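Subject: Handover of a structure, with notes

Dear colleague,

I am passing on the structure below, together with some notes on what was found in it. Please read the notes with the model open beside you.

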Amino acid sequence: MIQTKLKGMGVALITPFKEDESVDYDALMRMVDYLLQNNADFLCVLGTTAETPTLTEEEKKTIKKMVIDRVNGRIPILLGVGGNNTRAIVETLKNDDFTGVDAILSVVPYYNKPSQEGIYQHYKAIAEATELPIVLYNVPGRTGVNMTAETTLRIARDFNNVIAIKEASGNITQMDDIIKNKPENFNVISGDDGITFPLITLGAVGVISVIGNAFPREFSRMTRLALQGDFANALTIHHRFTELFNLLFVDGNPAGVKSMLNAMGMIENKLRLPLVPTRITTFEAIRKVLNELNIKC
């Protein structure tokens with residue numbers, strides 16, 4: 001079952017850009033190779049961290065195909081298929097080619113601010129439009145509305161192909177409620193690097209990570225140790241990254257992790273508007289922490 005594969009450290013894959021802001025497909029393939037070689041458990045492709053709202057349909061199709069071909073079945077692919085137009089998502093699920101995609105990640109509708117019943121009906125339509133496994137994504141800081149534990153559990157119980165939730169509400173009590181009352185075939189995945197360790201101690205099965213783009217080996221080790229119950233050693237690694245967790249998002253995502261990858265010599269430090277690179281002060285703080293962690297920069 002796919003929910004047994006979407007465990008450990010998944011990586012929310014960035015989209016590298018060249019100086020002219022075109023997609024740097026060569027750097028993208030180097031990133032995929034780097035993540036495969038350094039113990040990423042699965043890849044989340046075309047999520048928010050990929051700057052998907054600024055990509056053209058052609059670019060998205062090319063990225064999807066190139067990543068799927070490069071991975072070649074070695075680890076699962078979780079593809080972002082979300083939005084605030086339910087009918088459009090349903091049409092995409094019915095008509096697009098999902099060969100090589102193991103599951104889809106679909107965010108709570110943003111900007112529209114639907115009611116809890118509206119959120120339920122949105123996911124009902126999605127679940128009934130595809131046989132693909134579905135991972136819900138709750139991130140109220142971006143969408144403007146929180147999907148409650150009650151709504152999450154209702155969806156989880158009613159639709160067998162809804163297999164997990166990426167929870168990024170920041171509300172530990174809400175996440176714990178979901179973990180405590182969820183069906184057996186439904187998992188909770190952290191959507192926030194900084195709370196991955198405590199969430200795993202409560203029963204989450206892993207993370208869809210931003211910092212994993214830069215530190216896949218270290219962060220996957222922390223995740224695996226925590227999942228194995230070796231909390232002491234997992235906590236040591238967690239604490240090594242505490243300052244980077246904060247720097248990662250101070251100027252927005254993926255500006256922080258792109259500056260890290262740039263300092264490590266892996267990509268150009270380019271984003272597409274309305275996103276811009278981190279401030280110089282943040283960049284220098286990141287370089288300082290990387291040096292202290294003995295990471296090449």
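Helices and strands here are DSSP runs numbered from the N terminus, a helix being H or I over at least four residues and a strand being E over at least two. This is a predicted model, in which local features need pLDDT of at least 70 and side-chain atom pairs count only at pLDDT 80 or more, while totals for chains, interfaces and linings use all residues. Residues are numbered from 1 along each chain as its sequence is written, and side-chain values use heavy atoms, with hydrogens and water left out.

I begin with E51, which is found in the loop between β2 (42-45) and α2 (57-71). This residue has a positive phi of about 55 degrees although it is not a glycine. Most residues other than glycine have a negative phi, and most peptide bonds are trans. E51 counts as buried because its relative accessibility is 2%; buried means under 20% relative accessible area, exposed means over 50%, and partly exposed is in between, with a 1.4 Å probe and protein chains only.

N72, in the loop between α2 and β3 (77-80), also has a positive phi, near 55 degrees, and is likewise a residue other than glycine. N72, however, is exposed, with a relative accessible area of 62%.

Contact means heavy atoms within 4.5 Å, and, leaving aside neighbours within four places in sequence, R272 is in contact with F17, E21, S22, V23, E51, T54, L55 and E59. With a relative accessibility of 11%, R272 counts as buried.

There are also cis peptide bonds to look at. One of them runs from L273 to P274, with omega near 15 degrees, and P274 has its place in the loop between α12 and α13. Another joins N253 and P254, where omega is about 10 degrees, and P254 lies in the loop between α11 and α12.

K113 belongs to the loop between β4 (103-107) and α4 (116-129), and with a relative accessible area of 56% this residue is exposed. Its C-alpha atom is separated by 6.2 Å from that of G144, although K113 and G144 are 31 residues apart along the chain. When neighbours within four places in sequence are left aside, K113 is in contact with G144 and V145.

Strands

Two strands count as paired if DSSP finds at least two bridges between them. Strand β1 (residues 8-12) and β2 pair in the parallel sense over three bridges, and A12 stands opposite C44 in β2. In β2 itself, F42 and C44 point one way while L43 and V45 point the other way, and all are buried.

Strand β6 (residues 162-167) has six of its six residues buried, so this strand is largely enclosed by the rest of the structure. Strand β5 (residues 134-138) pairs with β6 in the parallel sense over five bridges, with V162 of β6 as the bridge partner of I134. β6 also pairs with strand β7 (residues 187-190), in the parallel sense and over four bridges, and there A164 stands opposite N187 in β7.

Helix packing

For the angles that follow, axes are lines fitted to C-alpha atoms, for helices over the stretch in contact, and angles run from 0 to 180 degrees between N-to-C directions. The axes of helix α9 (residues 216-227) and helix α10 (residues 231-240) come within 8 Å and cross at roughly 150 degrees. That makes α9 roughly antiparallel to α10, given that angles under 35 degrees count as roughly parallel, over 145 as roughly antiparallel, 65 to 115 as roughly perpendicular and the rest as oblique. On the α9 side the contact is made by E218, R221, M222, L225 and A226, and on the α10 side by F231, N233, A234, I237 and H238.

Helix α11 (residues 242-249) packs against α12 at an angle of about 115 degrees, with their axes 6 Å apart. L244, L247 and L248 of α11 make this contact with G256, V257 and M260 of α12.

With best regards
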